[in-house]
Amino acid sequence: MQGNIACAEGALAAGCRFFGGYPITPSTEVAEHMAKMMPKVGGVFIQMEDEIASISSIIGASWTGVKAMTATSGPGFSLMMENIGYAAITETPIVIINVQRGGPSTGQPTMSAQGDMMQCRFGSHGDFSIIALTPSTVQEMYELTVKAFNLAEEFRCPVFLMSDETIGHMRERIEIPDSVDVVNRKELEKGKLPYETDADNPVPGFPTFGHGHRVHVTGLTHDARGYPDTTNHKTHSDLVRRLVGKVESKRHEIADYDIAGTDAEIVFLTYGPATRTVRQIMKDSPDLKIGHINLRIVWPFPENVLKEFPNAKVFIVPEMNMGQIGREVARHTPVKVVYLPKLGGDMHTPQDLMEAYDREKALIGGGN
Amino acid sequence: MTGNTEKENVSVDYFESGHRACGGCGPALAGKLIARAAGPNTIIVASTGCMEVFSTPYPETAWKTPWIHSLFQNAAAVASGVEASLKRQGRDEKVIVIAGDGATFDIGMLCISGMFERGHDVTYICYDNEAYMNTGIQRSGATPFDASTTTSPAGKLSNGNSRPKKDIPAILAAHGSPYVATTSIATPKDLMDKVKRALSIKGPCYIQVHAPCCTGWGFDGCKTMELGRLALNSGLWVNYEMVNGVVEKVKKVKRIPVDDYLKAQKRFRHLYRPQENKDEIAKIQAIADSNAQKYGIDIPVKK
């Protein structure tokens, strides 16, 4: 099965019943599969006139109580930025699939990249938090899409599946379970205000349109009633701190990664395709001491994982960008961080990683 | 091409062969005819789409005039900037936008509306192959009723695209455009005449060129012209000119049933297999009949 199709199937299994999208390479197969499948499951597929309209449509659909998703790539993702902030401040659960390609601008439409990793976190203006998942196999395209929907419902924020052309267009055998664990929307309790929260419950219940709530949804700074309160310092400060805090304070629970070789001095930190390359060199050279962190969730960044490697002398971060997550790693550790950018459209080869390993090994000196 | 002076320019073509379009590409022919009609004193603004991709495979280009591609949705806005700046400098180059139907009917609508409302002296030409072909045949606002595409797939629950084609010429005429025309690659002389006329008229002009796509519609590449003619003769495509909002010149035809046009293309195959879907075909015939009545295209039969 192709990665993009596995993603669409995962979305359907998670209960997605609304897809608003616009064709863009290399993500189009997600939309095409949804166009075919939605009528069969009683859902809605709409092709919108552009990506601004696509994300707007899923925000609208989400407020009617359904799970909604869109899929895109770089240029379309850039068009979605303003609405990502809108979804964050209105706490609208949506899932956005970004099958990344080479940028900036039209860039390399048919080639692979990971250049939007910072953009998904910080691309829209203002402070807020999001969750970003990074599959490295076709199986994970399925599983992490399911998980993306569950996290969107749990945290009421935009959730991104940050895939790339390599995994999106990869074909692998996958196992589709008979059923998956699904988190459904938590309706707002009667008698509570739409954005009423407390320290223990920073995510409010959802006041679905037409379910008897008095709902006022606005991108303006709003109070617990949902009404604009744009010049009150405290209202704005409380709201933004909650939007950031509801995700960031739970980052160690949200964290999803696997680790290997925790006693190693040289540790690779990867997400997406480079994960496959590290696994390959570990298989090829079982005698070498190689540490590996594979992140399935990059945002919020689970910095505690770095502490699992007490002997680490260097973290090597191979990315298909100029070092976007590497910079985040460096922010959280006194240990040396080596950026290993790969640009141009190809994933890292085992040779790329072995060269970096040997270079760092020589610098560290000593035995294995 | 070595020099760029008028004297050395022996060819009349400013869109050269050697591009990477499919054999029998309708839009490629449209590009050639547009560039030929416009001549050398022209700046072309392209949108994302087949034409952009196949005419400029790195490190080469088929264009002999200045050419810029920016994004998918903003060709009209880029052209607005080019034109306004040329005007201020007192220069006389002609500015032409060449964009596909997805870029025109859907994603670029906002920028087009702005360009026409502000009244820039730009000729906007849409090569209409009735779907997003560059990304693999997804429906657009220009896709005809009942055509099967990858995002309007025909099947048990669907007869294909459920909506009629958007009437962009009427929308742009409503903006006060002095000249709006439709034409087809099947009528090359008409196409070139309309480009020349649009360029001679001050203000924002619009031309929509019917450009059959053998890959997306599913027909043999040697039949592109024939498909264009069948569309005209069936009344599903009408060549007309609108001057200041009034339809002036219309190409008249001896009409044939829509069947001949539909049967020639795989995108309508589901209307004939496994059995003929007479109800749906009648709806398409009604669209042609309505076009014929609206534009008066029928040549009266002599008794």
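Entry 1. I looked up helix α3 (residues 51-63) and helix α5 (residues 81-90) of chain A, whose axes come within 10 Å and cross at roughly 15°. α3(A) and α5(A) are therefore roughly parallel to each other (angles under 35 degrees count as roughly parallel, over 145 as roughly antiparallel, 65 to 115 as roughly perpendicular and the rest as oblique). The crossing of α3(A) and α5(A) is right-handed (the near helix is turned clockwise from the far one by less than a right angle). On the α3(A) side I listed Ile52(A), Ile55(A), Ser56(A), Ile59(A) and Trp63(A), which meet Asn83(A), Ile84(A), Tyr86(A), Ala87(A) and Thr90(A) of α5(A); contact means heavy atoms within 4.5 Å. By class, this contact of α3(A) with α5(A) has seven nonpolar, three polar and no charged residues.

I noted that this is a predicted model, in which local features need pLDDT of at least 70 and side-chain atom pairs pLDDT 80 or more, while totals for chains, interfaces and linings use all residues. Residues are numbered from 1 along each chain as its sequence is written, chains are lettered from A and ligands numbered from 1 in the order written, and side-chain values use heavy atoms, without hydrogens and water.

Entry 2. In chain B I checked helix α1 (residues 26-38) against helix α7 (residues 188-200): their axes come within 9 Å and cross at roughly 45°. α1(B) and α7(B) are therefore oblique to each other. The contact residues of α1(B) include Leu33(B), Ile34(B) and Arg36(B), and those of α7(B) include Leu191(B), Val195(B) and Lys196(B). I sorted the residues of the contact of α1(B) with α7(B) into ten nonpolar, no polar and two charged.

Entry 3. Which residues of helix α12 (residues 324-332) of chain A are buried? I found Gln324(A), Ile325(A), Gly326(A), Glu328(A) and Val329(A); buried means under 20% relative accessible area, with a 1.4 Å probe and protein chains only. The elements covering these buried residues of α12(A) include α6 (117-122), β9 (266-270) and β12 (314-319) of chain A.

Entry 4. I then turned to Thr270(A), which lies in strand β9 of chain A. Thr270(A) is buried, with a relative accessible area of 0%. Leaving aside neighbours within four places in sequence, its contacts include Thr275(A), Val278(A), His292(A) and Pro318(A). The side chains of Thr270(A) and His292(A) are joined by a polar contact of 2.7 Å.

How values were computed:
Buried < 20%, exposed > 50% of the residue type's maximum accessible area, 1.4 Å probe, protein only. Helix = DSSP H or I, 4+ residues; strand = E, 2+ residues; numbered from the N terminus. Polar contact = N/O pair within 3.5 Å; in protein donor to acceptor, adjacent residues only side chain to side chain. Axes fitted to C-alpha atoms, helices over the stretch in contact; angles between N-to-C directions. Nonpolar A, V, L, I, M, F, W, Y, C, P; charged D, E, K, R; others polar.
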